[in-house]
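This report looks at how the chains of one assembly meet, and at how one chain is divided. The sequence and the structure come first.

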Amino acid sequence: MTALDPAAPTRRPGGRARRLGLYALLVLVALIAAGPLYWLASSALKTNPQIYAYPPHWVPTDLRWSNFSDAWNAAPFDRFFLNSLVVSVVGTAIELCAALLCAYAFVFLPFPGKKWLFLFLLGAMMVPGHVTLLPNFLTIAQLGWVNTWAGLIAPGLGSVFGTFLLRQHMLTLPKEVMDAARIDGAGHLRTLFRVVLPMSRPMVITVAIVVMVTKWNDFIWPLIVTSSADMRTLPVGLLFLRDQETYANWGAILAGTVMVILPVLVVFFIAQRYIIAGLTQGAGK
Amino acid sequence: MSAIDDAGRRLRARRRRRDYLLFAAFAAPNFLFLLLFAYWPVVYNGYLSLTDWDMISPAKDFVGLGNYTDLLTDPDFRATLWTTVVFVVGIVAGGLVLGLATALLLNQRLRGRDVVRTLTFAPYVLSGAAVGTLWLFVFDPNYGLIRPLMAPLGLTAPAMMTDSKWALTGLVLVYLWKNIGFVAVVYLAGLQGLPREVYEAAALDGAGPWTRLRRITLPLLSPVTFFLLVTCTISTFQAFDVLAVMTGGGPGTSTSTLSWFIYDQGFRAFDAGRSAAGAMIMFVVLLLITAGQARYLERKVHYQ
Amino acid sequence: MSHSLPSRRRFLALAAGAPAAAALLSACGATTGPVAQPGGSVPDRYAGRTRTVLWSTFADVPGRALQDLADTFNRQQRDIYVDVQFQGTYDECAQKAVVGLLAGQAPDLCVLSDVKWYRFYFGDALEPWDEYIDPGELRATYNARLLAEGRVKGRHWWLPLARSTPLFYYNRTLFQKAGVPDRAPETWEEMYGWAKEITRLKTQGKRVAMEAYQKIDGDWQFQCTAWQWGGAYSRGMDVTIDHDATVAAGEWQRKLVHKDRIAYMSTDPAGDMGNQLIATLITSTGGLRKISEMAKAGGWELGTGFLPRHKEFGVTTGGGGLGMFKRVPKERKQAAAEFVRFLARPENAAQWTVQTGYLPVVPAATKSPALAGLLKKDPNFSTAVRQLPHTRKGDQVRMMVPNANVQIYTGLQKIWTGNTPARQAFSEVATRLRKGVDRHRQSIEEHL
């Protein structure tokens, strides 16, 4: 129970047993979090007889890297990577530009009924993705964009979360800098890119990464809007790899799973400061 | 009214008009996307929910509220709603309790806690499809991780994903694994903002750790809890990817949540009207939850 | 302020107008007009050919077999390039086709299951083959019984490809270890008696189960069980799944799963068979090659036989055939028909059967050396051929009422995994099926 106390003094005499207990809990939490990931990574390197064995091989002995080439050959992973990359990078770039312009407008430009418009914008956050599924599919179908990059990207372009965060941040920028820029005769676009953008860098990076990771992981929309293997993104491609290999070949399926997870994991470990800040934004308000 | 005044006013008016136009131009792309892909779909989905359409034939038959009365009198749909409630409550309540416990642990001055914090948060950013695939393997009763873990306890690993007694529990566990890090980090930020003096005073009064947790920490954290409650509830209602990959609503209908139902009716059974009606019901439920949040916050502000 | 109004109004009008325009467009739906081809690339050496896209449901062993045939076809002639695209299970492939047709994009050839093709036929989405392959030629080529399953109103809408019947597979090695006769059981009672011995055996520390039921599409196998118990899903358009005989068949399996604990539901029963977790399995003859290979790799011997009987003998046909969508342009249909002709050549049909285990849908194929030799050498491959004359076509409601198969296997899953009494599970399903019949009866009767 003492572990539940946030402010318990930590160097109390006789706290040795308590600290040992705390460390045991810490290790347990770490094991629960990372154990399945280790099981995935190690199994992806096992031969099939090792995978289908009991008791299990905790550490793969002869590493079978060919699970990865099996997966790569069974499904066009190069295309999956390309599609995921295009969808998340191009999609993020467009969404971010739209969000930046929009946030700037709300902070630095006048417009009648601006407040109501902003509420209207926030209202879009109330619309669950499931409500938009069928209509968006019909819209994209009508545009002839099914199974194209445009179709994959377009419905995700509207930005509420990003616009909101960027606006909140821009509101904190010192007015004098803006006024100085205006007096210098800088136009709004110039002010945005020369003054506001550099001053909002951390927030822009946060929004960009969070939006990009969300797009990378998106599942239901690519599942619906793609119909050929060469247009699938990684998460949907993984599903088809599983159908294709069936459970008789877990090695290749797990290798495919690693390929989907690894890029995000790397980005996360490098940029975790931004990601955590972005995803936990709004708490404590 | 002097000429100078007039010219000044005209100049200001022109500048204002230019600014309005500029606002419109800047805000237009984002608004266009949102109108086309967020607001318009609500209207169109509402219309679809009033029709009977198999998505193959050209005709959409108007059936009024038929789909809604059909759904609300259908025992299976009621079962779906109940499954959704169990699923959401399991994940949200479990997530809050375990997340808070993790946060309290990570708030201790322990070596390596930053690494552990990173590790627990990592699953939250991973693709649900990949997480689902990974856990299918972990849950495999023959070759998965659970068999060797349960064997020493003398237990046989259940077929988590193909046993309708276990499937929902299994899904809840996976979503907990994925979400706890997020809850913990949000709570951790809250914990670190708590005033130390209150605790010191309480310790002097002889309040034990359990009392301090109940009487001080939890009340002070209540805004954070509330934020988490609402965001987690909304996102769990819509949870789809892990579920789709792991159980596809089955076995039987044991993991068929509203989110799965909408997809299943729309894109597998091609009953556009039922799917759309299900989606509208979800929309209303989420609106009510959000409205409830707004009212609560209002009251809280008033109270203070 | 007043000066700003026109521009604001114009802006709002613009913003509101765009989706309204899209609304008008999409309200019409894209259910008519010619369709485009799904994406994909043509390898350089085949550049300039007519591309034919085939959406397939075949993974793994049969998937490779189909790809081999497409490769041969692409090498052998100069006009057409066949692009085989895997789309998942029968359900998933049909879903993609519906969604594709909505989006004005559809394959030239589509593998459709014995259940799914009706949905497209009733939706007037299929093109009869008769205009592209002479009906006389069709009759001379294909097995009459199987060809007739795709014929309505005197036209052929669905051509046999990966047609199958369920087979009884058993692990001869485990049978020998258990000391039971090395053959398929005559009746379910006999099987049940043997199971007592068989389920004492262990593999990898686990007791061997008697059999496993397939999670998705398991309604196909259970249809045979229902027939064996004297029941059926439907008689004509009358739903009979909740009648006593069918319920008794459901109770039989419920008892095996929940009381005797010698059967269970699995996502991949064929894989479990391969890994010797179960000793017997009823599944499609199309799994024969794959299970044979797994047996060889696992060092055990595979046997096959007819399905066990109970009150009567009952076995159905199933599997996939080829459909062509009406809205595909003519030249592409012609190219598609060329590939279908190629698949129906005796040597190719034989190769397909040899590499998969599916029924030889072209009778002449059984005389080609490859298949004739195999049929002689490996009796397992001839079981399905011998069983074929005893088959009957599936129950009408399951095949023709949209989504009926999903309703039925969902009900079965409740029996297998939730220990739901068969009467309860089936009466729920029956309610749904009857609703479906009421809703679709008119359209079905018009089309038959």
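Predicted model: local features only at pLDDT ≥ 70, side-chain atom pairs only at ≥ 80, totals over all residues.

**Chain A and its annotated segments**

An unreviewed UniProt entry lists transmembrane regions in chain A at residues 20–41, 85–109, 116–138, 144–166, 192–213 and 253–276.

| Segment of chain A | Helix | Strand | Distance between end C-alpha atoms |
|---|---|---|---|
| residues 85–109 | 96% helix | 0% strand | 34 Å |
| residues 192–213 | 95% helix | 0% strand | 25 Å |

**Chain A with chain B**

In this interface, 82 residues of chain A are in contact with 91 residues of chain B. On the side of chain A, at least two residues each come from α1 (16–43), α4 (77–108), α6 (129–142), α11 (201–217), α12 (220–225), α13 (234–245) and α14 (250–279). Of these helices, α14(A) gives the most, with 13 residues. Sorted by class, the side of chain A that touches chain B has 62 nonpolar, 18 polar and two charged residues.

**Chain C with chain A**

Here 33 residues of chain C meet 23 residues of chain A. The elements of chain C that give two or more residues to this contact are α1 (4–28), α2, β2 (80–86), α3 (90–102) and α11 (269–274). The most, five residues, come from α1(C). The side of chain C that touches chain A divides into 11 nonpolar, 18 polar and four charged residues.

**The two domains of chain C**

Contact between them involves 22 residues of domain 1 of chain C and 21 residues of domain 2 of chain C.

On the domain 1 side, α2 (60–76), α4 (116–122), β6 (159–164), α14 (346–356) and α16 (379–387) of chain C each supply at least two residues. The largest share, four residues, belongs to α16(C). By class, the side of domain 1 of chain C that touches domain 2 of chain C holds 12 nonpolar, eight polar and two charged residues.

Terms used: Residues numbered from 1 in each chain as written. Chains lettered and ligands numbered in written order. UniProt positions renumbered as here; feature names shortened; annotations may be inferred. Contact = placed C-beta atoms within 7 Å. Nonpolar A, V, L, I, M, F, W, Y, C, P; charged D, E, K, R; others polar.
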